[in-house]
Amino acid sequence: MNKPEHTSACASACVIVAIGVAIGLAAPPFAHAAEPADFSACLAKLRPEAVARGVTGAVFDAQTATLAPDMAVIGFLDAQPEFVTPIWDYLAGLVDDERVADGRQMLERWRETLTKVEARFGVDPATVVAVWGVESNFGRNFGKRPLLESLSTLSCYGRRQTYFRGEFLTTLKIIQDGDVAPDKLKGSWAGAFGHTQFMPSTFMRLAVDFDGDGRRDLIDSVPDALASTANFLQRAGWKTGLPWGFEIALPAGFDAGGTGRKNRQPASAWSARGVTRIDGSSLVADHLRADTPTALLLPADTKGPAFLVTSNFNAIYSYNAAESYALAIAHLSDRLRGGPAFVTPWPTDDPGLSRAERRELQALLIARGHDIGEPDGMIGSRTREALKAALVELGVESDGRAGRKALGALRGGR
């Protein structure tokens, strides 16, 4: 199978986007202003390159005539996450009962399409729907920033201008080809768009017209989006019938040497070291052969859940290069098939909150007089500051993290 040179649907910038969706990062401040003349000069320099790439001068002029820079996106580009998100917080918000229930409804609603997608690309329905659920909450959260505005700004200011110029010019080509109307092209600050959040360059390489209307549309066509996602995973090396991996049990005193996603060994080698499936059964079963290359993943060292992962986990990882992200997709796909939550608990006495619990926490803060907007389950800076203040009032130390203890304190009013 021919693998594209750059397999990530979102590129590295979207790792921050995915984390932001999960924990609700607020927009960072940006103190610099853009000079209109500088922006216009930058666009003028891009016009010959656009024409060289097949974008007509008329299309370039029409689509850039009213563009103005959105300097807030530069703040996102340069920002570091405000605090490190524990993986149990990250997964709690992405793989909760609400998303599992919604995903199962989508599996049923789009069963016929997903069956055809699997027949053509070899990727099972649960995995495709899991990507859809994590990327846009099944089409509910596309992002609201106009792509041309964000990408033109990133093309002219900040770091990685060369990369974003490519994405900007590709977006113009998408408009020229008639696949997506300009007013529909809204998405993340980094340029990802549609049901499964493809970057424009990924769209050009891998999007498919699955509904047969002559356009590749990841915004208004669910069949196109699902098929394009499966095409991405197939091109990233997905092997039909091979599990992504599974939770495992480690023997007492296990030496973590040689673990990590890139350190692949035959499954039999891990068995020889005393590793079993979480229920104690042999690793070699259910389409996993003794010679299947596998890696041992320890997201929380040996203190939390451990996983044996195959090349299909790497295919998921290539969609958005973060192991926590890939694990969320993989685990959600298992839950959609009827599988259980992880057996081994995370090494914390303060587990993360589901989206429903986050909304409850926000509602309790609002009831205590804190102005944080509508309860949306997104834990941004306003919610964290209000949470710290509310817990201080209750005599509880807090860094603003929305965990089970904080929710319990608000529920009890103490």
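Let's start with strand β6 (residues 293-297), which is mostly covered: four of its five residues are buried. Buried here means under 20% relative accessible area, while exposed means over 50% and partly exposed is in between, using a 1.4 Å probe and protein chains only. Strands (E, at least two residues) and helices (H or I, at least four) are DSSP runs, numbered from the N terminus. What you're looking at is a predicted model, where local features need pLDDT of at least 70, side-chain atom pairs count only at pLDDT 80 or more, and totals for chains, interfaces and linings use all residues. Residues are numbered from 1 along each chain as its sequence is written, and side-chain values use heavy atoms, with hydrogens and water left out.

So who sits beside β6? On the sheet, β6 pairs with strand β4 (residues 265-266) in the antiparallel sense over two bridges, and Pro293 in β6 is the bridge partner of Pro266. β6 is also joined by three bridges to strand β8 (residues 306-309), again antiparallel; here Leu296 has Leu308 in β8 as its bridge partner. Two strands count as paired if DSSP finds at least two bridges between them. In general, strands of a sheet pair through backbone hydrogen bonds, either parallel or antiparallel.

Now zoom out to the whole sheet. It is open, has five strands in the order β4-β6-β8-β3-β5, and its pairing is antiparallel. The edge strands are β4 and β5 (276-277), as each pairs on one side only. At the β5 end, two bridges join it to strand β3 (residues 245-249), running antiparallel, with Thr276 in β5 as the bridge partner of Ala249.

Next, the aromatic rings. The structure holds 14 aromatic pairs. Rings of Phe, Tyr and Trp (its six-membered ring) pair if their centres lie within 6.5 Å; planes under 30 degrees apart count as stacked, over 60 as edge-to-face and the rest as tilted. Trp132 and Phe138 make an edge-to-face pair, 5.6 Å centre to centre with 80° between the planes.

Phe198 and Phe232 make a tilted pair, 6.3 Å centre to centre and 55° between the planes. Phe198 lies in the loop between β2 (186-187) and α11 (200-206), and Phe232 in helix α12 (residues 222-235), so this pair ties together parts that are 34 residues apart in sequence. Phe198 is buried at 0% relative accessibility, and Phe232 is buried at 1%.

Stay in that loop between β2 and α11 for a moment, as Thr196 is there too. Thr196 is buried, at 0% relative accessibility. Leaving out residues up to four places away in sequence, Thr196 touches Val131, Trp132, Glu135, Ala225, Thr229 and Tyr319, where a contact means heavy atoms within 4.5 Å.

Elsewhere, ring pairs link Trp88, Trp244, Phe307, Phe313, Phe342 and Trp346 into a cluster.

Finally, how far can you trust all this? pLDDT is the predictor's confidence in each residue, from 0 to 100. The protein chain averages 90, and 89% of the residues score at least 70. Over residues 1-7, though, pLDDT stays under 50, and it also stays under 50 over residues 22-31. Where pLDDT is low, the predicted coordinates should not be read in detail.
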